[in-house]
Amino acid sequence: MDVSKDLIKSIVEKVLAEQMANGVSTAAVEPFKQKDKSGIIKITTDKVETERFEQDGVYLKDVLTLEEAPRMGAGLMELKDGTAFEWTLTYDEYDCVIEGTLEIEIDGRVLTAGPGEIIYIPKGSHIHFQTPNYAKYWYFVYPANWADL
C-alpha cells in the first residue's frame, strides 16, 4: 500500500490539533516554536530545519500553520548547488537573506541580495528564484493561505 505525502501530512496535523486541544505541547515535534496562550509565537530560528521541496536543491520549512497565523505566512528556504526554479507568486512576499546570495530573475533582469538584505516580490510576479552557489533566507508572505489561491 502506497501512502501519499498528503495523507501523512493530514494525519500529523490531526494528531497535533488533538494534542493542542488537550493541552499537550508540540515542542517535541516543533522544537523551534514557543507559543503563548495570547497567540504570540516565538520562532528560534537556528532550530528550524528545512525539508526537500519540489526539486533537488530546494529546501524549505513553513514555520506557522494557518491556524496559528491565518493572515501572514513565514518560513525558511535554502537553495543549494546553484539551483534555480520558476514560480508565479499569488501573494506578496518579502525575502530576507541570512546566508549566501539570492537572485530573483524577472523578465531577463536579475536582482541580487546578500546577508542582511531584503527583496520584496509583488503578487503576480513570474520569476526564477536562483543562487550561484547557496542561499538561505526567510520568506514572509501575505496572504498566508497562498497554496489555495
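How many residues lie between strand 3 and strand 4 in the hairpin that they form, and which residue in the turn has a positive phi? There are 5 residues between the two strands, and Gly57 is the turn residue with a positive phi, of about 90°. The model is predicted, so local features need pLDDT of at least 70 and side-chain atom pairs count only at pLDDT 80 or more, whereas totals for chains, interfaces and linings use all residues. Residues are numbered from 1 along each chain as its sequence is written, and side-chain values use heavy atoms, with hydrogens and water left out.

**Strands and sheet**

- Strands (E, at least two residues) and helices (H or I, at least four) are DSSP runs numbered from the N terminus, and two strands pair if DSSP finds at least two bridges between them.
- An open sheet is formed by 6 strands in the order 3-4-5-12-7-10, with antiparallel pairing; its edge strands, strand 3 and strand 10 (118-121), each pair on one side only.
- Strands of a sheet pair through backbone hydrogen bonds, either parallel or antiparallel.
- Strand 3 (residues 51-52) pairs with strand 4 (residues 58-62) over 2 bridges in the antiparallel sense, and here Glu51 stands opposite Leu60.
- Strand 4 also pairs in the antiparallel sense with strand 5 (residues 73-80), over 5 bridges; in this pairing Tyr59 stands opposite Glu78, and Asp62 stands opposite Gly75.

**Aromatic rings**

- Rings of Phe, Tyr and Trp (for Trp, the six-membered ring) pair if their centres lie within 6.5 Å, and planes under 30 degrees apart count as stacked, over 60 as edge-to-face and the rest as tilted.
- The structure holds 6 aromatic pairs, one of them being the edge-to-face pair of Phe85 and Trp87, with 6.0 Å centre to centre and 80° between the planes.
- Phe85 and Trp87 are both buried, where buried means under 20% relative accessible area, exposed over 50%, and partly exposed in between (1.4 Å probe, protein chains only).
- One aromatic cluster is formed by Phe53, Phe85, Trp87, Phe129 and Tyr137.
- Lys80 lies over the face of Tyr59, at 4.4 Å from the ring centre; a charge sits over a ring if NZ of Lys or CZ of Arg is within 6 Å of the ring centre and within 35 degrees of the ring normal.

**Salt bridges**

- The structure holds 7 salt bridges, each being a side-chain nitrogen of Lys or Arg within 4 Å of a carboxyl oxygen of Asp or Glu.
- The side chains of Glu51 and Lys61 form a salt bridge of 3.5 Å, N to O, and this pair links distant parts of the chain, with Lys61 in strand 4 and Glu51 in strand 3, 10 residues apart.
- Glu51 counts as partly exposed because its relative accessibility is 46%.
- A salt bridge of 4.0 Å, N to O, joins Lys136 and Glu99; Lys136 lies in strand 12 (residues 134-142) and Glu99 in strand 7 (residues 92-100), so the pair ties together parts that are 37 residues apart in sequence.
- Glu99, with a relative accessible area of 36%, is partly exposed.
- Salt bridges that share partners join Glu30, Lys33, Lys35 and Glu68 into one network.
- Glu30 and Lys33 form a salt bridge in which the closest N and O atoms are 3.2 Å apart, and both Glu30 and Lys33 are buried.
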